Amino acid sequence: MIAVLSTSDEVEQLVLRNTDLTDQLLLTVADALKSSSSEVALLNLNLNLIGPDGACILLDVLKVKPQVKSLHLFGNRLCDDGALALLSGIAELQEQTSRAAAANLSTGENFFSLVELDIGGNNLSGVGLKVLASYMRQHSHLQYLGLAQTGGPDLAAWKELFDSLKGNDWLTHIILDENNLGDPGVRLLADVLKSNARLQMVDLDGNHVTDVGGNDLVEALLCRGHVPMRHLSLAENNISSGLMRRIREEVKGK
């Protein structure tokens, strides 16, 4: 893979999923990537062993490769420290390139704006989720956010994140599978869906949702009027079949 990066200018997607990639190995990959003439737009490093140090290594890559638009890190070991380093670094890089572009000091191709990020399954606590909420409120251009298997945060942290999405004009798809949200968490999400028509795709599999949360979702779907959801996944929950049919009708029928 390193040999290909060194000799090719045609690598657009770099996928090293489930390869036991540690921070030390990532450093080797990052050096090859930074020196490559390829304009890589997607990095899929899901299911590896990348920790907080790896987040800093990735930031160095993004500084050299602003063409990267998608960063998938599901199932790594970032934890709160890694999430803080990554998100604050991305925010700073976006601001720097934006200021440079505004001052005509750089061309549009050097403007960095991440549109896909998956940091699910990284042992985030409420602290990490609140860091993400701040990023979403102030800096985010994300259209896709992956947060599956982020079951550590409490309801207050989820509320802070969901509140940050109410006025977000970018996000269209969020993955929230297996987060123990339950009916209270889904009610908070339903409030987001009522006020943010931009958010059109949500995955909520395996969140212990009952008909109580299902009815909150139906109410949110009805409030959206002529801006329906394009996708709403609720597999492996405890919603009755009749209510699930109604939800599907509201999603697909419009």
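Valine 61 is found in helix α3, where helices are DSSP runs (H or I) of at least four residues and strands are runs (E) of at least two, both numbered from the N terminus. The structure is a predicted model, in which local features need pLDDT of at least 70 and side-chain atom pairs count only at pLDDT 80 or more, while totals for chains, interfaces and linings use all residues. Residues are numbered from 1 along each chain as its sequence is written, and side-chain values use heavy atoms, with hydrogens and water left out.

With a relative accessible area of 2%, valine 61 is buried; buried means under 20% relative accessible area, exposed over 50%, and partly exposed in between, with a 1.4 Å probe and protein chains only. Apart from neighbours within four places in sequence, valine 61 is in contact with Ala30, Leu33, Lys34 and Leu43, contact meaning heavy atoms within 4.5 Å. Its C-alpha atom is separated by 9.7 Å from that of valine 29, which is 32 residues apart along the chain. The buried residues of α3 are Gly54, Ala55, Ile57, Leu58, Leu59, Val61 and Leu62, and they pack against α2, β2 (42–44), β3 and α4.

Helix α4 (residues 79–102) has 24 residues and reaches 35 Å from its first C-alpha to its last, close to the expected 34 Å, a span defined as 1.5 Å times one less than the number of residues. Its buried residues include Leu86, Leu87, Ile90 and Leu93. Among the elements that cover the buried residues of α4 are α3 (52–64), β3 (70–72), β4 (116–118) and α5 (126–138).

The largest nonpolar core has 74 residues, of which Leu86, Leu132, Leu176 and Val202 touch the most other members. Such a core is a set of buried Ala, Val, Leu, Ile, Met, Phe, Trp, Tyr and Cys residues joined through side-chain atoms within 4.5 Å. Helices that each supply at least two residues of this core include α2 (23–35), α6 (155–165), α7 (182–195) and α9 (241–252). Not counting residues up to four places away in sequence, valine 202 touches His173, Ile174, Leu176, Leu189, Leu193, Met229, His231, Leu232 and Ser233.

An open sheet is formed by 8 strands in the order β1-β2-β3-β4-β5-β6-β7-β8, with parallel pairing; two strands pair if DSSP finds at least two bridges between them. β1 (13–15) and β8 (231–233) stand at the edges, each with a single partner strand, so one side of each has no neighbour in the sheet. Strand β7 (residues 201–203) pairs with β8 in the parallel sense over 3 bridges, and aspartate 203 has serine 233 in β8 as its bridge partner.

| Residue | Phi | Loop |
|---|---|---|
| Aspartate 20 | about 60° | between β1 and α2 |

Most residues other than glycine have a negative phi. Aspartate 20 counts as exposed, at 53% relative accessibility.

The protein has 9 helices and 8 strands. Its radius of gyration is 19 Å, close to the 18 Å that the globule rule gives for 254 residues, so the protein is as compact as a globular protein of that length. This radius is taken over C-alpha atoms, and the rule is 2.2 Å times the number of residues to the power 0.38. Of the 254 residues, 53% count as buried.
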